[in-house]
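Notebook open, structure loaded. I'm jotting down what I look up as I go.

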Amino acid sequence: CAVKAAQVLSEIAKNDEMKKPCIEADLVLTLIPLLESTDQEMLLHAGRAIGRICYDNRDLQEELVKVGVITSLVRILTDYAESEPLVHVDLLALCNLADLDTAKEALSKTKVAEQLVKQLRRAENHERLEIVFEVLQALAENDALKVQLVEAGVQEVLSEILLRLRGSSQAEDTCVVKAASDLIVSLLLGEVFFAKGCSNISQNVGTCITSKHMQLQRREQQLLLILQKNGKVGHSLHFKDRKVPVYGNCVRMVQLGVIHQLLDLLEKHVESGDISVQHAALSALRNLAIPVVNKVQMLEEGVAERIQALLRSEMPPVQFKLLGTLRMLADVQADAAEILGQDPMLLNRLVQWCNANEHTGVRGEANRLLASILRHNRSQEVVKAIQEAQGVKHLVSMTTSEHAAMQNEALNALAIASAIDLETLEGTFKEAQLVQSLHKLLQDDNTSPEVKYNSMGLLCSLLNSGDLRQEIEEDKIKETLEQLCSHSNANVVKEAVTTLQVLRGET
């Protein structure tokens with residue numbers, strides 16, 4: 001009798017006009033205890049009736065959560081996981097409730113994540129996949145549920161789905177691919193995913209970049225950006241009271257050949273195509289070049305040469321990011337600096353960009369790459385090559401940049417180059433009035449202590465040249481150095497004393 005009554009109510013509730021009388025008669029509260037039944041037919045009709053009466057009624061939905069319906073729904077999903085009609089009704093109910101914060105809180109205290117991952121794995125049709133994804137997407141907004149989903153292995157199932165559908169051009173498959181990659185993006189915004197879930201996704205990033213689906217390509221660019229933003233040098237995430245480095249994702253993706261797939265993608269889009277794809281791929285490429293182990297592998301595989309070929313682009317944003325990637329490759333890598341520093345075509349392009357007044361970002365990055373090549377280089381040939389390309393004068397100008405970081409990069413680069421081959425650089429230094437520029441930096445109260453320190457370090461190198469020593473003496477830098485001996489910064493004082501000793505010939 002009760003089963004029939006529940007069936008009748010579920011049919012009546014299909015009519016929108018009948019929902020109000022059902023609510024006024026408190027039928028929902030009468031039906032809820034029936035969800036504890038072990039009769040599958042009863043569960044089916046009671047679940048349908050409750051779902052239809054409460055559909056699109058937030059107040060009633062909140063009331064359902066309050067009286068404990070979540071526990072019943074998770075129990076049904078657990079106990080009757082292979083009953084297609086019951087699972088369908090249950091998932092629809094969860095879909096209607098999952099947007100509520102109270103429902104998410106209640107669900108976080110259950111094992112719903114395990115059951116949803118099981119249903120995602122066994123789903124055989126697009127309709128079922130769509131419902132499960134909708135529930136998962138809502139739950140992924142809750143940090144506690146993100147943890148549970150990752151611990152339940154959702155990332156493995158998502159990877160399997162992406163691989164299974166990667167070659168399909170059917171509209172329904174494209175929708176599933178979009179839903180899966182959207183869910184990955186949502187999960188990646190949570191720290192725990194980096195601690196436990198990135199391995200499978202990292203392995204399939206390359207596959208998805210080369211996918212036919214533009215939707216998936218765009219989302220994979222998002223994945224790369226999120227992975228890299230959370231995987232920079234020295235960054236670690238907190239997971240269950242311990243620090244977890246996420247640097248391994250960058251290394252893992254380079255090992256899997258993602259770099260070359262990104263470059264293939266860029267070669268297709270560098271002159272035309274989707275700008276958002278270009279920018280995402282370029283940013284990912286630059287960040288992947290940060291780990292030292294990646295630099296070595298990328299150089300060995302000819303990545304620097306491929307990037308240089310892409311520099312044919314006339315698009316300043318593309319040039320800017322490609323130059324940044326080359327700078328990352330040259331950082332702390334003498335071999336890379338030597339290769340780049342002896343490429344006349346690259347050096348000539350860099351010098352041209354150093355004059356690009358209309359594109360300040362490209363100009364700055366070109367100067368920084370020149371400085372990086374000199375700073376990390378130990379070869380006299382590289383110093384001569386940059387001098388012949390007329391790049392040294394731009395580094396002298398860079399010492400007066402408004403950015404202290406760029407000033408220091410230029411000062412250090414010129415100091416190292418001077419130590420390697422001062423004779424080659426002497427004429428340019430005099431012509432560019434380097435000594436006078438350094439004196440102004442030392443005199444200016446607004447100059448940072450680090451810039452003052454590095455300026456004096458460069459002066460010590462210049463004192464090895466007779467002509468430049470004469471300029472230093474004539475410009476009365478000695479008096480400025482004596483004043484700096486009483487500077488508030490201990491490092492500046494120490495360097496001023498040392499420079500004075502070198503100037504006086506005491507060391």
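Predicted model: local features only at pLDDT ≥ 70, side-chain atom pairs only at ≥ 80, totals over all residues.

I started with the contacts: among those in the protein with a separation of 6 or more, 70% are between residues 24 or more positions apart.

Next I looked up the secondary structure, and I got 33 helices and 2 strands.

Then burial. Of the protein's 507 residues, 54% count as buried. I also checked the surface: the protein exposes about 23,000 Å², and carbon and sulfur atoms supply 47% of that area.

On to one helix pair. I know that two packed helices are described by the angle between their axes and the distance between the axes. I picked α28, residues 404-431, and α31, residues 466-474. They pack at an angle of about 40 degrees, with their axes 9 Å apart. So I put α28 down as oblique to α31.

Which residues make the contact? From α28 I listed Leu422, Glu426, Phe429 and Lys430; from α31 I listed Gly466, Asp467, Leu468 and Glu471. Sorting the residues of this α28 contact with α31 by type, I got 3 nonpolar, 1 polar and 4 charged.

Last, the cysteines. How many disulfides are there, with sulfur atoms required to be within 2.5 Å? The count comes to 0 disulfides. Cys175 has 53% relative accessibility, so I logged Cys175 as exposed, since the cut-off for exposed is over 50%. Cys460 sits at 16%, so Cys460 goes down as buried, since buried means under 20%.

Note on methods: Residues numbered from 1 in each chain as written. Heavy atoms only, no water. Axes fitted to C-alpha atoms, helices over the stretch in contact; angles between N-to-C directions. Helix = DSSP H or I, 4+ residues; strand = E, 2+ residues; numbered from the N terminus. Parallel < 35°, antiparallel > 145°, perpendicular 65-115°, else oblique. Contact = heavy atoms within 4.5 Å. Nonpolar A, V, L, I, M, F, W, Y, C, P; charged D, E, K, R; others polar. Disulfide = S-S within 2.5 Å. Buried < 20%, exposed > 50% of the residue type's maximum accessible area, 1.4 Å probe, protein only. Areas by Shrake-Rupley, 256 points an atom, 1.4 Å probe, with all protein chains shown as cover.
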